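The following dialogue shows how to read several features of a protein model. Please keep the view below at hand while following it.

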Amino acid sequence: MTRAEILEARRQLTSLRLKYQKEVMQAYDKEYYAELRKLQEECGKIGHSKGYYYDNGIGTAWYRCPTCDARHSIETYGESAA
Ligand SMILES: [Zn+2]
């Protein structure tokens, strides 16, 4: 195999793995994220911790609470803020 063939084969293998993961986790994740959203709402009631600052570089910036992992204080800037 060439390097390009190995790379393409690895990409396909990884893609199949991710697809399988999503399929088997789908039902579990539905409950998981519902419970996580409840915790994040509770955390928001007492006030999220500031946490790290993120900026996607294309018009949105936010903080991520280290307690509940929620994005908060989300701001848009530039053309997307208009
Ligand atoms: Zn929080």
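**Reading the backbone and the sheet**

Q: In which element does Ser 73 lie?

A: Ser 73 lies in strand E3; strands (E, at least two residues) and helices (H or I, at least four residues) are DSSP runs, numbered from the N terminus. Residues are numbered from 1 along each chain as its sequence is written. The model is predicted: local features need pLDDT of at least 70 and side-chain atom pairs count only at pLDDT 80 or more, whereas totals for chains, interfaces and linings use all residues.

Q: What is the phi of Ser 73?

A: Most residues other than glycine have a negative phi. Ser 73, although not a glycine, has a positive phi of about 55°. Asp 69 is another non-glycine residue with a positive value, its phi being near 70°. The position of Asp 69 is in the loop between strand E2 (60–64) and strand E3 (71–76).

Q: Why does Asp 69 count as partly exposed?

A: A residue is buried if 20 or more other C-beta atoms, placed from the backbone, lie within 10 Å of its own, exposed if 12 or fewer, and partly exposed in between. Asp 69 counts as partly exposed because it has 13 C-beta neighbours inside 10 Å. Ser 73 also has 13 such neighbours inside 10 Å and is therefore partly exposed. Over the protein chain, 1% of the 82 residues count as buried.

Q: How are the strands arranged in the sheet?

A: Two strands pair if DSSP finds at least two bridges between them. Here, three strands form an open antiparallel sheet in the order E1-E2-E3. Strand E1 (52–55) and E3 stand at the edges with a single partner strand each, so one side of each has no neighbour in the sheet. On average, neighbouring strands of this sheet are turned by 20° against each other, direction ignored.

Q: How many bridges join E2 to E3?

A: Four bridges join these antiparallel strands. Arg 64, for instance, has Arg 71 in E3 as its bridge partner.

Q: What is the order of elements along the protein chain, and why is the chain described as spread out?

A: From the N terminus on, the elements run α-β-β-β. The radius of gyration (taken over C-alpha atoms) is compared with the globule rule, 2.2 Å times the number of residues to the power 0.38. For the protein chain the radius is 19 Å, well over the 12 Å that the rule gives for 82 residues, so the chain is more spread out than a compact globule. Along the principal axes, its C-alpha atoms fill a box of roughly 55 × 35 × 25 Å.

Terms used: Axes are lines fitted to C-alpha atoms, for helices over the stretch in contact, and angles run from 0 to 180 degrees between N-to-C directions.
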